[in-house]
Amino acid sequence: LETDGDGSARLMRVLGLSGFASALGSLASVARTKLVAVVLGPAGVAVSGQLSQALLALNWLATFGTGAGTARFVAEALAADDDAAAGRVVRSAGVLLVGVALVLGAAGVLFAEPLSTWLFGTRGAARWTLWLAASVPAAALLSLSTAVLRGASQANRLAVAQAIGAVASV
């Protein structure tokens, strides 16, 4: 950490932007839960919880922890002024994440009814499974973009990406 005035100001700005994005995410979560409760009632809140947990599991499968590694390798390449290496890291991570996410999304679409039965106990919730399948590639792209922005130390753009993710999650 820098100890001069500019370093402290930058740190405070980054912390403030990150805090704002986190608060926006929390507000989006509360709004989503309230909307589900009003529209679908208590049973809808339970289904929403199941969907959220299933989405978290699918997102973990789609990204399998590559965010930290991508951020680290991008940061190392940029610190060495090696834009070509940074580009290779981003392309490799992008192909890997998007490829896996598309395969998982396609599997979700193809097997929507059996997954619906397994996740929700009824084949009638297949449309919810389709929403899950559609969200996996979007989550992978968001994961990749936030990792790249972290690696490139782009705090302002990272906060914007997190805010877009929070709003999109409603």
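The protein has 6 helices and 0 strands. Helices and strands here are DSSP runs, numbered from the N terminus, where a helix (H or I) needs at least four residues and a strand (E) at least two. Along the sequence the pattern reads α-α-α-α-α-α.

A note on the source. This is a predicted model, in which local features need pLDDT of at least 70 and side-chain atom pairs count only at pLDDT 80 or more, while totals for chains, interfaces and linings use all residues. Residues are numbered from 1 along each chain as its sequence is written, and side-chain values use heavy atoms, with hydrogens and water left out.

Some overall figures next. Of the 170 residues, 29% count as buried. Buried means under 20% relative accessible area, exposed means over 50%, and partly exposed is in between, with a 1.4 Å probe and protein chains only. The protein exposes about 10,300 Å², and carbon and sulfur atoms supply 69% of that area. Those areas come from the Shrake-Rupley method with a 1.4 Å probe; for residues, only the protein chains shown count as cover. Take the contacts (heavy atoms within 4.5 Å). Among those between residues at least 6 apart in sequence, 61% join residues at least 24 apart.

Now the helix pairs. Two packed helices are described by the angle between their axes and the distance between the axes. The axes are lines fitted to C-alpha atoms, for helices over the stretch in contact, and the angles run from 0 to 180 degrees between N-to-C directions.

How do α3 and α5 cross? The axes of α3, residues 83-110, and α5, residues 126-151, come within 8 Å and cross at roughly 170°. The two are therefore roughly antiparallel. On this scale, angles under 35 degrees are roughly parallel, over 145 roughly antiparallel, 65 to 115 roughly perpendicular, and the rest oblique. On the α3 side the contact includes Val-90, Ala-93, Leu-97 and Gly-108, and on the α5 side Thr-129, Ala-133, Leu-144 and Val-148. By class, the contact has 16 nonpolar, 4 polar and no charged residues. Nonpolar covers Ala, Val, Leu, Ile, Met, Phe, Trp, Tyr, Cys and Pro; charged covers Asp, Glu, Lys and Arg; the others, Gly among them, are polar.

The other pair is α4, residues 112-120, with α5: the angle is about 100° and the axes are 8 Å apart. These two helices are therefore roughly perpendicular. Ala-112, Glu-113, Leu-115, Ser-116, Leu-119 and Phe-120 of α4 meet Ala-126, Trp-128, Thr-129, Leu-130 and Leu-132 of α5. This contact has 8 nonpolar, 2 polar and 1 charged residues.

A few single residues. Is Thr-129 buried or exposed? Thr-129 lies in α5 and, at 2% relative accessibility, counts as buried. Setting aside residues up to four places away in sequence, Thr-129 touches Gly-108, Ala-112, Leu-115, Ser-116 and Phe-120.

Thr-70 sits in α2, residues 66-79, and is buried too, at 6%. Beyond its neighbours within four places in sequence, Thr-70 is in contact with Val-89, Ala-93, Leu-144, Ala-147 and Val-148.

Gln-53 belongs to α1, residues 5-63, and counts as exposed at 53% relative accessibility. Gln-53 and Leu-119 are 66 residues apart in sequence and 10.0 Å apart in space, C-alpha to C-alpha.

Last, Asp-81, in the loop between α2 and α3. Its relative accessible area is 69%, so Asp-81 is exposed. Its phi is near 55°, a positive value in a residue other than glycine.
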